[in-house]
Amino acid sequence: LRDAMGDATREQIDTLLEKYFQLYDELLAYMAQIEKLSRKGYSKFTVARNKDKFLMLRKVSYVGREMEAQSIVEDHGETLKLAKRGPTSKITMSKNNKAQKESTLQLMRRRALAKAAEKDPRVQKLIDKEKEKEKKEQTRIAETDKKYNDPVSWFGCLIPPEVRQGKEAFSAGLENLVRVAEIRRQMRRIEEEIHKLKKKLRQAT
């Protein structure tokens, strides 16, 4: 019985090792692809810089955002997923700060208008106009954020096509990098499982 248990454990270890080396080959392939994409990205930006000596970031859309994340990695248990996270525009940040500093007086005014609207329909029209104005402002802010969420727009509108090609190369490399992290985590779990099975095998013998 002990020999049968040992054989079954060894088979499990062999299966895990086979999966481990398959993942390792996949890891090497992704890392090679990342290196290739990185070289392509840098070369495209170099070509763009040589084409346009005045190519530079516009301060109005970049300053203060140097450390902002464009993407985040979401952990879904078995898998990792790259999710886009655009930078917040200065307009949005200003609006958020304004909302945080909204005074008690302004809140009281809104409540008073709401009560007055119950008695006078004309007040309700005034409230509706204010809401429509706020809605248009939110739409304008959303469009501005969407424009500046693309780092390529930070260089201006008339830019060499190599800038966008370089960005696409680095974006693809980033997606592969997330896959590398996912594979390494799977490999680490297999290593832990093999360690447990080896310990079980030693105890059985």
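What percentage of the 205 residues of the protein count as buried? The share is 25%, where buried means under 20% relative accessible area, exposed over 50%, and partly exposed in between (1.4 Å probe, protein chains only). This is a predicted model, in which local features need pLDDT of at least 70 and side-chain atom pairs count only at pLDDT 80 or more, while totals for chains, interfaces and linings use all residues. Residues are numbered from 1 along each chain as its sequence is written, and side-chain values use heavy atoms, with hydrogens and water left out.

**Overall make-up**
- The protein has six helices and two strands, taken as DSSP runs numbered from the N terminus (helices: H or I, at least four residues; strands: E, at least two).
- Read from the N terminus, the order of elements is α-α-β-β-α-α-α-α.
- Of the contacts between residues at least 6 apart in sequence, 74% join residues at least 24 apart; contact means heavy atoms within 4.5 Å.

**Salt bridges**
- The structure holds six salt bridges, each defined as a side-chain nitrogen of Lys or Arg within 4 Å of a carboxyl oxygen of Asp or Glu.
- Glu26 forms one of them with Arg179, with 2.7 Å between the closest N and O atoms.
- Because Glu26 lies in helix 1 and Arg179 in helix 6, this pair ties together parts that are 153 residues apart in sequence.
- Glu26, Arg179 and Glu182 are linked in a network of salt bridges.
- Glu162 and Lys51 meet through their side chains in a salt bridge of 2.8 Å, N to O.
- Here Glu162 belongs to helix 6 and Lys51 to helix 1, 111 residues apart.
- Glu162 counts as buried at 10% relative accessibility, whereas Lys51 is exposed, with a relative accessible area of 55%.
- Asp7 and Arg10 form a salt bridge of 3.4 Å, N to O; they are three residues apart in helix 1 and therefore separated by about one helical turn.

- Gly173 lies in helix 6 (residues 161-204) and counts as buried, at 8% relative accessibility.
- Leaving aside neighbours within four places in sequence, Gly173 is in contact with Ile34 and Leu37.
- The C-alpha atoms of Gly173 and Leu37 are separated by 5.7 Å, although the two are 136 residues apart along the chain.

**Tyr24**
- Tyr24 is in helix 1 (residues 2-51) and counts as partly exposed, at 38% relative accessibility.
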